[in-house]
Amino acid sequence: MGIGFTVTSAWSQKTTNEITYQFEQERVVIGRGPGSDVRLPDRTVSEIHAFIRLEGNAYIIIDNDSTNGTSVNGVALVPGKQKSLTNGDSIEIGEYVLTIHTGVPIALPTSAERTASLARRLIREIRSPSISEINPPKLTIRNGKQADQFLEIPPPPSRLLVGRSPKCQLVIDDPDVSREHMELIRDLDGVIARNLDSKNGIVVNNQPISELRLRNGFELELGSTILRFEEPADLSIHALSDQPDLPTARSVQDGPFDKGKAILRLDSAVNIGTSAAAPMKRTKLPLATADIVVYLIAGIIAVSSIAGLIVLLSTD
C-alpha cells in the first residue's frame, strides 16, 4: 500500500486525461526542480516546494518556505510546520491542485523517468496546451547528403516508420539501414523509439537499444546515419528551472517578492522535518496609520485630564 496523487489545473480543474503519481516510498518531494518526485512545471511552484512524509501509519505534509505557500483544503500551511493528511484531501501548490489518495495498492511505483514523462504531459496539457501544434517533437538527420532533413511527430496517438522503404514517413538513403528499421510511437507521455528487428539495430547515446522513451537531445544511430531528437516540452521544463519564482494570481503581495529561500537538504544526515527558514520580517505600520494612533492616544489623555480637573473642582 502507498500514496497516490491526481494532478489537475487550478484554472480548469481538468486535463485531457488524468495525470497520476503513485509511490511506496516514505518521502515524496514536490516542486519544480529536477530532483522532485512530483515535478510541477510552472514558476508559481518553488524548486523544492513541499514534501510529504510517512509517519507511522499516517502521511504528513510540510511546506518548504515556498514562495506561494501550500494549502490543504483551502487552509494555508505554516512553513516548516507539519499537517496531517487524509484520503481525498486537496493540496494547492502554485497553480496546481493535487488530490491525495492514501492506502492505495501500488502496482508500479512512479519512477524518475515516469516523473519526467508526466512533467511533459503537464506542460503540454495544462501550462502550454498549444505546444504540440506550434512546435511538435521532431527527428532530424545530422549527417550525410540528407543532413537537416527532419520528421515532425504528430500528436498522440501516432506511429511513424523510419527506414529505406518508400512506405516510411522518414526515408533514409543508407545501405546500412533496414527497409523498416525503426518505429516512433507517440503517446501522452512522449515519444518511444522501437527497433524493428533491423540488421544493424539502433544505438542511442552510444548504447544499443531495443526500445526507449526519448528525451530532448538524444542521438540515434541507424547504420551510418545519425539522427537527433528534439522535444520542445523538455526544453520548456529546463528553461523553467532556471527562472525565479512568480507569485500566483491568488497571492496577495505587499510589493515585489524578496524573501530568502529555505534550503532543504535531502540526505539522511539531516532531519527532513526541518528547514532553514528565512527570518520573519516585522511588518511596520504605515506612517499615516502610526500618526492616527498617536493622535487618538493624545486625545484620550486630554479628555481624561479635563474630566479629572472637572471632578477636582466640583469637590472644592
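Arg 53 is buried in this predicted model, its relative accessible area being 14% (buried means under 20% relative accessible area, exposed over 50% and partly exposed in between, with a 1.4 Å probe and protein chains only). Its side chain meets that of Glu 55 in a salt bridge, at 2.2 Å from N to O; the term stands for a side-chain nitrogen of Lys or Arg within 4 Å of a carboxyl oxygen of Asp or Glu. Glu 55 is partly exposed, with 34% relative accessibility. The whole structure holds 13 salt bridges.

As the model is predicted, local features need pLDDT of at least 70 and side-chain atom pairs count only at pLDDT 80 or more, while totals for chains, interfaces and linings use all residues. Residues are numbered from 1 along each chain as its sequence is written, and side-chain values use heavy atoms, leaving out hydrogens and water.

A further salt bridge pairs Lys 167 with Glu 180, at 3.3 Å from N to O. Lys 167 lies in the loop between β14 (158–163) and β15 (170–171) and Glu 180 in the loop between β15 and β16 (182–187), so the pair ties together parts 13 residues apart in sequence. Strands (E, at least two residues) are DSSP runs, numbered from the N terminus. Lys 167 is exposed at 60% relative accessible area, and Glu 180 is partly exposed at 29%.

Glu 183 and Arg 194 also form a salt bridge, with their closest N and O atoms 3.0 Å apart. Here strand β16 supplies Glu 183 and strand β17 (residues 190–195) supplies Arg 194, eleven residues apart. Glu 183 is buried at 5% relative accessibility, whereas Arg 194 is partly exposed at 27%.

Technical notes: Helices (H or I, at least four residues) and strands (E, at least two) are DSSP runs, numbered from the N terminus.
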